[in-house]
Amino acid sequence: MSQSPLTDAGFEPTEQDTADLLAWFAEYDARAVAKDVEGMADAAHFPITVVTNDSAGEAVTRVWDRSAFVRAMTAATQGDLGDLEMQNRRRPTFLNRDLAVVVTDSTVTAGGQVRHLRYADVMVKSGGSWRFTSMIQAGWGDMLKEFA
């Protein structure tokens, strides 16, 4: 009888597992602040699924290839971000050593305005490196509809 490909749901990450995943996010955040959209795209496992809702509260989902991601992130990072500061608290939940869901509570300060955000990323290991394969955040649906 062959062994099941299913893994035990009781996986407990080591401190190093968690540190490696959080280090990936620190690098991604630095790319975002620097508006390094191509570097941000390098951190994805395409195609990615983007999940949000629009101003009417309706679900909006898209499957993006690299080109759609670059177009959307270029639009999202346009303009002067000036004194942008991000403080993030991340809570990773490992499904096993190579799959995780990370919920982030973020406080973003820019131009004297403070915004509190909560979002989730579905993370996978590919080629030995963490990559995101899904981005989930409320409120982007109206803009997202422009990027098929």
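Predicted model: local features only at pLDDT ≥ 70, side-chain atom pairs only at ≥ 80, totals over all residues.
Val-101 lies in strand β4. Val-101 is partly exposed, with a relative accessible area of 28%. Val-101 and Met-40 are 61 residues apart in sequence. In space, their C-alpha atoms are 18 Å apart.

### Tyr-119 in strand β5

Tyr-119 is found in strand β5. Is Tyr-119 buried or exposed? Its relative accessibility is 17%, so Tyr-119 counts as buried, the limit being under 20%. Not counting residues up to four places away in sequence, Tyr-119 touches Asn-88, Arg-90, Val-102, Val-103, Thr-104, Ser-106, Ile-136 and Gln-137. Tyr-119 and Lys-35 are 84 residues apart in sequence, and 19 Å separates their C-alpha atoms.

### The largest pocket

The largest pocket has a volume of about 990 Å³. Its lining has 36 residues. Which of them lie nearest its centre? They are Ala-76, Met-86, Leu-117, Gln-137 and Trp-140.

Helices α1 (15–33), α3 (66–76) and α4 (141–144) each supply at least two lining residues. So much can also be said of strands β1 (44–53), β3 (85–96), β4 (99–110), β5 (113–126) and β6 (129–137), each with at least two residues in the lining. By type, the lining divides into 25 nonpolar, 7 polar and 4 charged residues.

### Aromatic pairs

How many aromatic pairs does a search of the whole structure find? It finds 9. A pair of aromatic rings is described by the distance of the centres and the angle of the planes. Two of the pairs share Phe-69.

| Pair | Centre to centre | Angle between planes | Kind |
|---|---|---|---|
| Trp-64 and Phe-69 | 6.3 Å | 70° | edge-to-face |
| Phe-69 and Phe-132 | 5.8 Å | 45° | tilted |

Trp-64 counts as buried, at 2% relative accessibility. Phe-69 is buried too, with a relative accessible area of 0%. Phe-132, the partner of Phe-69 in the tilted pair, is likewise buried. Phe-69 lies in helix α3 and Phe-132 in strand β6, so their pair ties together parts that are 63 residues apart in sequence.

Trp-24, Phe-25, Tyr-28, Phe-46, Trp-64, Phe-69 and Phe-132 form one aromatic cluster.

### The nonpolar core

The largest nonpolar core has 28 residues. Which residues have the most contacts inside it? They are Leu-21, Trp-24, Ile-48, Trp-64, Phe-69, Met-123 and Phe-132. The elements that give two or more residues to this core are α1, α2 (37–42), β1, β2 (59–64), α3, β4 and β6.

Take Met-123 as one of these residues. Not counting residues up to four places away in sequence, Met-123 touches Leu-21, Trp-24, Phe-25, Asp-98, Leu-99, Ala-100, Val-102, Trp-130, Arg-131 and Phe-132.

### Backbone details

Most residues other than glycine have a negative phi, and most peptide bonds are trans. Pro-47 lies in strand β1. Phe-46 is also part of the aromatic cluster.

Lys-35 is found in the loop between α1 and α2. With a relative accessible area of 34%, Lys-35 is partly exposed.

### Glu-38 in helix α2

Glu-38 lies in helix α2. At 44% relative accessibility, Glu-38 counts as partly exposed. Glu-38 touches Arg-66 and Val-70, not counting residues up to four places away in sequence. Glu-38 and Met-73 are 35 residues apart in sequence, yet their C-alpha atoms are 9.3 Å apart in space.

Methods
Residues numbered from 1 in each chain as written. Heavy atoms only, no water. 1 Å grid on protein atoms, 1.4 Å probe; cavity = no way out; pocket = protein on both sides within 12 Å on 5 of 7 lines; lining within 4 Å. Points joined across faces, edges and corners; volume = space filled by probe spheres on them. Helix = DSSP H or I, 4+ residues; strand = E, 2+ residues; numbered from the N terminus. Nonpolar A, V, L, I, M, F, W, Y, C, P; charged D, E, K, R; others polar. Phe/Tyr/Trp six-rings, centres within 6.5 Å; stacked < 30°, edge-to-face > 60°. Buried < 20%, exposed > 50% of the residue type's maximum accessible area, 1.4 Å probe, protein only. Core = buried A, V, L, I, M, F, W, Y, C linked by side-chain atoms within 4.5 Å. Contact = heavy atoms within 4.5 Å.
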